[in-house]
Amino acid sequence: MFKGVLAELQKNLRLLPGVGEKTAQRLAMHLITQEKELSLRLAESISAAVNAMKKCSVCHILTEVDPCIYCSDYKRDQTKICVVENSQDVYLIDNTHEYNGRYFVLGGLISPLDGISPKDIFIHELLETINSGEIEEVILALNPSAEGESTINYLAAALKKYMVKVTRLSTGIPFGGDIGYSSPVTLSNAFKRRFSV
Ligand SMILES: [Zn+2]
């Protein structure tokens, strides 16, 4: 068992996704035995990235510059807005090159079981954006999980009063699946075969 600062390092590494106790122990040991310079550079780059990244004031994606590269690119189709759960989904969708419109990051999904209601995510801001813009299509690119479905249903109802077409991705992504884990081809097809809600 580690003690003191090493135990603390292991405890913090353990908080990373997919890192169990054994791996955390091995990583902690690696970090203190490899060349000191390398570990300190890692610590510095974590600190720099965490401090530099902020939410885009328009779409809420995590970005180094505000507004983000997507919001400040007026060559993108301003009549379409793609609604996603988190910043990671934007990078994945943009990688498919299937879509060239605007994005909007909700920052979560409605989940009554976890106590997450519509007011806990950026739904109000999304509706304001749609209300004030030139949006013609709202694409709900949300995971087809129970929480994703609740959010899609809520948004479909809330968007009824706006003169916009509301679509969702085809179910190429299996129910309970995660946009983050589907292949670029699956995601690209799900985009092409999106349908109205
Ligand atoms: Zn943005």
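**Close-up 1. Tyr70, Tyr99, Tyr103 and Phe191 form one aromatic cluster.** This is a predicted model in which local features need pLDDT of at least 70 and side-chain atom pairs count only at pLDDT 80 or more, whereas totals for chains, interfaces and linings use all residues. Residues are numbered from 1 along each chain as its sequence is written, and side-chain values use heavy atoms, with hydrogens and water left out. Rings of Phe, Tyr and Trp (its six-membered ring) are taken as a pair if their centres lie within 6.5 Å, and planes under 30 degrees apart count as stacked, over 60 as edge-to-face and the rest as tilted. By this rule the count comes to three aromatic pairs. The pair of Tyr99 and Tyr103 is edge-to-face, because the ring centres are 5.3 Å apart and the planes stand at 70 degrees.

**Close-up 2. Tyr99 and Phe191 form a tilted aromatic pair.** Their rings are 5.4 Å apart centre to centre, with 45 degrees between the planes. Tyr99 lies in the loop between helix H4 (87-95) and strand S4 (101-105) and Phe191 in helix H7 (residues 184-192), so the pair ties together parts that are 92 residues apart in sequence; helices (H or I, at least four residues) and strands (E, at least two) are DSSP runs, numbered from the N terminus. Tyr99 counts as buried at 6% relative accessibility, as does Phe191 at 0%, where buried means under 20% relative accessible area, exposed over 50% and partly exposed in between (1.4 Å probe, protein chains only).

**Close-up 3. The zinc ion has Cys56, Cys59, Cys68 and Cys71 as its protein donors.** Each is represented by its SG atom, lying 2.3 Å from the zinc ion; donors are N, O and S atoms within 2.8 Å of the metal (3.2 Å for Na, K and Ca), and water is not among the atoms, so sites may look incomplete. Along the chain, the donors follow the spacing C-x2-C-x8-C-x2-C. The site is tetrahedral, with angles of 105 to 116 degrees among the four donor atoms, the term requiring that all angles of four donors lie between 85 and 135 degrees.

**Close-up 4. The largest nonpolar core has 22 residues.** Such a core is a set of buried Ala, Val, Leu, Ile, Met, Phe, Trp, Tyr and Cys residues joined through side-chain atoms within 4.5 Å. Among the residues with the most contacts inside this core are Leu106, Leu126 and Leu155. Strand S3 (77-84), helix H5 (123-132), strand S5 (137-140) and helix H6 (146-158) each supply at least two residues, and H5 gives the most, with four.

Notes:
Four donors count as tetrahedral if all angles lie between 85 and 135 degrees; four count as square planar and six as octahedral if opposite donors are over 155 degrees apart and all others between 65 and 115; anything else is irregular.
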